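Hi,

Here is the structure I promised to pass on. Please open it first, then read my notes below.

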Amino acid sequence: MSPLHAPHYLQRLHNLPLNDAAWEEIDACQLMEIPLLGNITAGVPIEAIADCGTVSVPSRMVRRNTYALRVRGHSMINCNIHDGDIIIIERSESAENGETAVVMINQQEVTLKKLYIEKTGVRLQPANDSMAPIYLKNADIEVLGMVMGVVRGNAAVTH
């Protein structure tokens, strides 16, 4: 694989809001495979459909409950997450206010957004100024995980 198309691995820096400065590029050493569970929309929520495969990532990006999703859409570009990226997710059932999370809506659709807890419910906020937030009741959402890393470029994906 040519260096131009080789994957780049970005690991989230701890205790920083998710933006362009919140990432550290890491070397592609000691790769291990994690489940690639399908697509996640960075835009309008889509139906949750499992599409099993695996992706190779540096072992330091992997924790006990780690999986990957391929991003479709442009709603998270201000967090340096772009259409076609593969995001590394740590499975979690809760999120801090303002965290970037994989969220299931009404047990049917999934989306990637910043999660804000407000008096009237939950706001799922895109990281793209041209897109509107989604407002829901707390009972309508389930947090599935938190973004911990990004793979950009031609990652080694197997099905």
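One caution before the findings: this is a predicted model.

The charged end of arginine 123 lies over the ring of tyrosine 116, at 4.3 Å from the ring centre. Arginine 123 is buried, at 18% relative accessible area. Glutamate 118 is partly exposed, at 29%. So the cut-off of 20% puts arginine 123 on the buried side. As for aromatic pairs, a search of the whole structure finds zero.

Next, the salt bridges. There are four in the structure. Arg63, Arg64 and Glu90 are linked in a network of them. Take the two contacts in turn.

- Arginine 63 to glutamate 90: the side chains meet at 2.9 Å, N to O. Arginine 63 is in the loop between S5 and S6, while glutamate 90 is in strand S7 (residues 86-91), so this pair ties together parts 27 residues apart in sequence.
- Arginine 64 to glutamate 90: the closest N and O atoms are 3.8 Å apart. Arginine 64 is in the loop between S5 and S6 and glutamate 90 in strand S7, so here the parts tied together are 26 residues apart in sequence.

How accessible are arginine 63, arginine 64 and glutamate 90? Glutamate 90 is buried, with a relative accessible area of 15%. Arginine 63 is partly exposed, at 37%. Arginine 64 counts as exposed, at 70%.

The loop between S5 and S6 also holds valine 62. Leaving aside residues up to four places away in sequence, valine 62 touches Met32, Ile34 and Val57. Valine 62 and leucine 31 are 31 residues apart in sequence, and their C-alpha atoms are 9.8 Å apart in space.

Now the strand pairing. Strand S3 covers residues 31-42 and pairs with strand S5, residues 53-58. The two run antiparallel and are joined by six bridges. In this pairing proline 35 stands opposite threonine 54 in S5. S3 also pairs with strand S6, residues 66-73. That pairing is parallel, over five bridges. There, alanine 42 stands opposite glycine 73 in S6. So which way does S3 run against each partner? S3 is antiparallel to S5 and parallel to S6.

Last, the nonpolar cores. In soluble globular proteins, nonpolar side chains tend to be buried together. The largest nonpolar core here has 17 residues. Ile40, Ile81, Ile87, Val102 and Leu112 touch the most other members. At least two residues of this core come from each of S3, S6, S7, strand S8 (100-105), strand S9 (109-118) and strand S12 (141-152). S6 gives the largest share, three residues.

If you want places to look at on screen, I would pick two.

Best wishes

How values were computed. Residues numbered from 1 in each chain as written. Predicted model: local features only at pLDDT ≥ 70, side-chain atom pairs only at ≥ 80, totals over all residues. Heavy atoms only, no water. Pairing = 2+ DSSP bridges. Helix = DSSP H or I, 4+ residues; strand = E, 2+ residues; numbered from the N terminus. Phe/Tyr/Trp six-rings, centres within 6.5 Å; stacked < 30°, edge-to-face > 60°. Lys NZ or Arg CZ within 6 Å of the ring centre and 35° of its normal. Buried < 20%, exposed > 50% of the residue type's maximum accessible area, 1.4 Å probe, protein only. Core = buried A, V, L, I, M, F, W, Y, C linked by side-chain atoms within 4.5 Å. Contact = heavy atoms within 4.5 Å.
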